[in-house]
Amino acid sequence: MVIRGAPAIGVAAAMGVALDVRRSRATGTTQLATEFYRTCDLLAATRPTAVNLFWAIERMKRVFAGGMRVGRSTAELQALIDAEAVRLHDEDVANCRAIGRHGAGVVPAEARVLTHCNAGALATGRYGSALGVIRAAVEAGKRVAVYADETRPFLQGARLTAWELVRDGIDTTVITDGMAGSLMRAGMVDVVVVGADRIAANGDVANKIGTYTVAVLAREHGVPFYVAAPLSTIDLSTPDGSGIPIEERDAKEMTYMGASQLVPEGAAVWNPAFDVTPASFVAGIITERGICRPPFAESLKHVCDGNQ
């Protein structure tokens, strides 16, 4: 959890591969290749849900394999991988800004936006996906106030989202996860914008635990629910949300707050890090190439053509 957020995990994987290759003392390309693929396998085993991790690693593998095919030297392969990692990072920043530009249009001129977890600069290369939409709306002159779910149990909303937005001078109110329904019932939320860790081919969305609850509440109260994510988060090889692996985290994230134990010994704990929101609850998926609308099986395939 030192690095979290699907786009940031992908960027970090690419940088990790590049760093290991740069540090290698391999005397030949065969030895370098052995080390390279071992590092890729190690990083791929770290987090199961965020598809950006696997997307980034596969991209680095393609570049390395291409260099091997044309007979690049060890030094040339190192430079090739290094440059690709930097390119991947820079593309992520550009993609987030494009997501922001496309998504700003779904934010009313005077808007109260609810977001869950952290899909900002701290979860991406920079700028953010869901928070990129909010930032772009503010930059366009819209008056935006944000409600940030605290996002139990790791408190990414309270600790990270609020920190980012306050630094930007954006009106921010932190609420507990259980307050979202009352807020919507009172007519105090105009739109919901969240990020994603993996989006299936049919538009089902895996995101931080509690996102599904927010989507159900938004549907009940007539509040549009949008997902902001780069194309690297879309997994067309997974037909629907039932095929998305859900990471389960250490029970201590729930049972302790710092050094203080909150839950009595003997109580069982279930701590999935993510849940899946059915596509039917999603008004649109905001990508760097535009906003995908239902039916998502068609719109996601169209927007991803040439990208996967």
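Does C292 count as buried or exposed?

Modeller: Before the details, please note that this is a predicted model, in which local features need pLDDT of at least 70 and side-chain atom pairs count only at pLDDT 80 or more, while totals for chains, interfaces and linings use all residues. Residues are numbered from 1 along each chain as its sequence is written, and side-chain values use heavy atoms, with hydrogens and water left out.

C292 counts as buried, because its relative accessibility is 3% (buried means under 20% relative accessible area, exposed over 50% and partly exposed in between, with a 1.4 Å probe and protein chains only). C292 takes part in no disulfide, and the nearest cysteine sulfur, which belongs to C304, is 7.1 Å away, whereas a disulfide here is a pair of cysteine sulfur atoms within 2.5 Å. By this rule the model has zero disulfides. C40 is another cysteine that counts as buried, since its relative accessibility is 0%.

Leaving aside residues up to four places away in sequence, I285 touches I199, G203, V227, G290, I291, C292, F296 and L300. I285 is in turn one of the residues with the most contacts inside the largest nonpolar core, along with L114, V192, I199, F225 and V227, and that core has 30 residues (a nonpolar core is a set of buried Ala, Val, Leu, Ile, Met, Phe, Trp, Tyr and Cys residues joined through side-chain atoms within 4.5 Å). Two or more residues of this core come from each of α7 (180-185), β4 (191-194), α8 (211-220), β7 (225-228) and α10 (296-304), where helices (H or I, at least four residues) and strands (E, at least two) are DSSP runs numbered from the N terminus. The largest share, four residues, is given by α10.

Another cis peptide bond joins R152 and P153, where omega is about 5°, and P153 is placed in the loop between β2 (143-149) and α6 (156-167).

That loop between β2 and α6 also holds L155, which has a positive phi of about 60° although it is not a glycine. L155 is buried, because its relative accessible area is 15%. Like C292, C117 counts as buried, and the reason is its relative accessibility of 7%.

Methods
Contact means heavy atoms within 4.5 Å.
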